[in-house]
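Please read it alongside the sequence and the structure.

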Amino acid sequence: MNHGPLIFLGVFFALTLSWFGLVFEPQLQLGNAQPTTNLVNAAQLYPQMRPGQARQGLDVYRSLGCAACHSQQIGQTGRTYDVTLTDPGTNRAEVIAALLKVRPRATATEAEKLVAGPMPQAILKDVAHVAATNAMAKLEPTGAKAEVKIIPTGPDIARGWGKRRSVAEDFLFDQPVMLGSQRIGPDLADVGSRLPVANWHLLHLYNPQIVVSKSVMPPYRFLFEKRKIGREPSPDALKLAGNFATEPGCEIVPTDEARQLVAYLLSLRADTVIFETPMTVATANVSTNTPAATNAPAAQTTNSVVK
Amino acid sequence: MIATSSSAHTVSPEPGSGPVAPPADIDASCRVPVMVLLACAAVWLVVASVFGLIASLKFHAPNLLADCPWLTYGRVQPAQMNALIYGFAAQAALGIALWMIARLGRTLLVQPGYIVVGALLWNVGVKLGVFGILIGDTTGYEWLEMPGYASPILFAAYAIIGIPALLTFHHRREPMLYVSQWFLLAALFWFPWIYSTANLLLIFFPVRGVLQAVVDWWYVNNLSQIWLGFIGLAAIFYFLPKLTARPLYSNYLAILAFWALALSGGWGGIHSGAPVPAWMPSLSTVFTVLTAIPLIAITINLNRTFTGAMAKLKKSLPLKFVVFGAVAYLLAGALAIVSAFPQFSQITHFTLFTPARTQLFRRCSSKTNGRRLGSPALTSLWRRLASCSTSVHFPSEAFCKGWR
């Protein structure tokens, strides 16, 4: 009795199944994926190809094995909704009545204050989708104008690592795609909007402890050149002070690789609103977590347009 | 098929009779190629441990060797993984697989000379690959970091080793197939398929976007669950009855475990929350949970086989390794199932829990030893290395985990 061919066929079948399921079928679904509509800026598709320097930086990122410590995938566990009153309209009494229905615990005085106050006024915070739609259904007939804000939630988002989950579209043009499986360091999927200052990244690469005192990230001094200061200091030289200062008469200048890597890091932004990840982009006055840095490079139009 | 296998119900690993080769001759035919594979595996284990040590020291002293780009953490860590998987685990698995195929088939190993050539070529490939990772030519895909100039060498070397292995299986004198042979035959076919698919779709004709990650997850899961897992199981099913001198409890259960594992084991690896369409992680979770069936079958089978042999465990060192391997395998399998649940993986994913779990899988295949290969010195060296690797890796990982 020769089981050899039988085992071979069975094994072939088993492997073919998983190959079809997790290699072939995903290829059918995503293999011809095209850039999708940018819901904020319909004139521009998402994603855009990374700029040339950033693409070179992706190679530096790959070569140095940054993905051994940094993931590039933000998780999201759900969404909450805020309802904001933007314009109370003219029929104040009706609006107040509607508000009392929407928020049964509020008193009439509170509702009056809310309607009289400067717009926009928060009505509901962190509620489920049903509650938000109900509130809108009650408010709209009164002539008042209200807005629903969609807010992605989850541990990664609570850490400030991103604004929404990472989706397949985010990686469409990258080669290789390095999602990473370890978080020895923080997630980098949205690092470009979280830490938009090139100089911060250069200092951090040169010696992470300059900017993050307890960092265990290795320094990448080999991405920098130490040289004697010529007639006058290079405008690109790192500004190092205190313990981190280099010897007098010398300066630390980033190499091309360092610049490319930083360009890549700054290009990592997972904050575009697309169909798969509905969210409301924060406007200036309700924003809670936009970085305060002023010398940020001009944000791409895809990301800064307000819905 | 079931009917025929039922007749094998109470047979020990080497049943039947016929014009078979005597064990001493079989061992003699295996000696050189298997020794080459195991000795090289032992060397790679040391190399991997050194890389691993450097990598974990860097957690505590980030400035250590920081000015040498070759030894930055992001290169040493994949170098360690690749040395461990392709240098150590794969060679140890192949070595022990060849010997088991010959022994269970009661036939001489076919073309041992080619196998030696294949083994040497495999080592050239691993060396080139690890070197490539250290100089920064890594591909960026986990467990496939070896650059495109190393992986074809590995593939060719595998073919040179695998074809004589299949021929040996084909020329077997023992008509009755033992379940270990099922596992070995499956593993022999599995590797070239997954390795070529992954290399072609990631390195030579790369697919787009996150599909790369999906292919990589599929490969990593198949390599650890099926390839290393199957060879480890083959060894456990071979050595446990042999060393305890008790027949395997149930051949039915073993074959059930084989098919259930072959069907459900190759689907895991895509964690919930991955940036891919939701059906992929869901499918992955479902199939990972299904591996509970083979896992329970294996547990019952091994447990019933082993029951009553506790006294032997104290006396026999090889048996200790086998039992440790079996326990590590079952634990790893159970943890894999638990981790498939999003509630659990939300906490453990991205931490060192995941690599620690895969280490457990490797332990189970690394418990193979140089038993009866004719060199007591090598055997003892081998065992020392195996125990050394366990004692180095586990505390360092546990330590890093605690530190995190």
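1. **Confidence.** pLDDT is the predictor's confidence in each residue, on a scale from 0 to 100. Chain B has a mean pLDDT of 83, with 81% of its residues at 70 or more. For chain A the mean pLDDT is 86, and 91% of its residues reach 70 or more. The model as a whole scores ipTM 0.87 and pTM 0.87.

2. **Conventions.** This is a predicted model, in which local features need pLDDT of at least 70 and side-chain atom pairs count only at pLDDT 80 or more, while totals for chains, interfaces and linings use all residues. Residues are numbered from 1 along each chain as its sequence is written, and chains are lettered from A and ligands numbered from 1 in the order in which they are written.

3. **Regions to treat with caution.** In chain A, confidence is lowest in helix α11 (residues 301–304), at a mean of 34, and highest in α10(A), at 97; helices (H or I, at least four residues) and strands (E, at least two) are DSSP runs, numbered from the N terminus. The pLDDT is below 50 over residues 284–307 of chain A, a stretch that has 35 contacts beyond near neighbours in sequence in the model. Two residues are in contact if their C-beta atoms, placed from the backbone, lie within 7 Å. In chain B, pLDDT stays under 50 over residues 1–17, for which the model has 26 contacts beyond four places in sequence. Residues 364–404 of chain B also have pLDDT below 50, with 76 contacts beyond near neighbours in sequence. Where pLDDT is low, the predicted coordinates should not be read in detail.

4. **Overall form of chain A.** Chain A has eleven helices and seven strands. Its radius of gyration is 26 Å, whereas a compact globule of 307 residues would have one near 19 Å; the value is taken over C-alpha atoms, and the globule rule is 2.2 Å times the number of residues to the power 0.38. Along its principal axes the C-alpha trace of chain A spans about 85 × 70 × 40 Å.

5. **Domains of chain A.** The assignment gives domain 1 (36–75 + 159–296) and domain 2 (78–153), with bounds from an automatic or database domain assignment. The centres of the two domains of chain A, taken over C-alpha atoms, are separated by 39 Å. Six residues of domain 1 of chain A are in contact with four residues of domain 2 of chain A.

6. **Interface between the chains.** How many residues of each chain are in contact with the other? The contact involves 55 residues of chain A and 56 residues of chain B. On the side of chain A that touches chain B, the largest share, 18 residues, comes from α1(A).

7. **Packing of α8(A).** Helix α8 (residues 198–206) of chain A has the buried residues A:His201, A:Leu202, A:Leu203, A:His204, A:Leu205 and A:Tyr206. A residue is buried if 20 or more other C-beta atoms lie within 10 Å of its own, exposed if 12 or fewer, and partly exposed in between, with C-beta atoms placed from the backbone. The buried residues of α8(A) pack against α9 (208–211), β6 (224–228), β7 (250–254) and α10 (256–267) of chain A.

8. **Nonpolar core.** A nonpolar core is a set of buried Ala, Val, Leu, Ile, Met, Phe, Trp, Tyr and Cys residues joined through C-beta atoms within 7 Å. The largest such core has 177 residues, and B:Phe183 and B:Val214 are among those that touch the most other members. Helix α7 (residues 211–244) of chain B gives the largest share of this core, 23 residues. Leaving aside neighbours within four places in sequence, B:Val214 is in contact with A:Leu22, A:Pro26, B:Ile270, B:Val276 and B:Met280.
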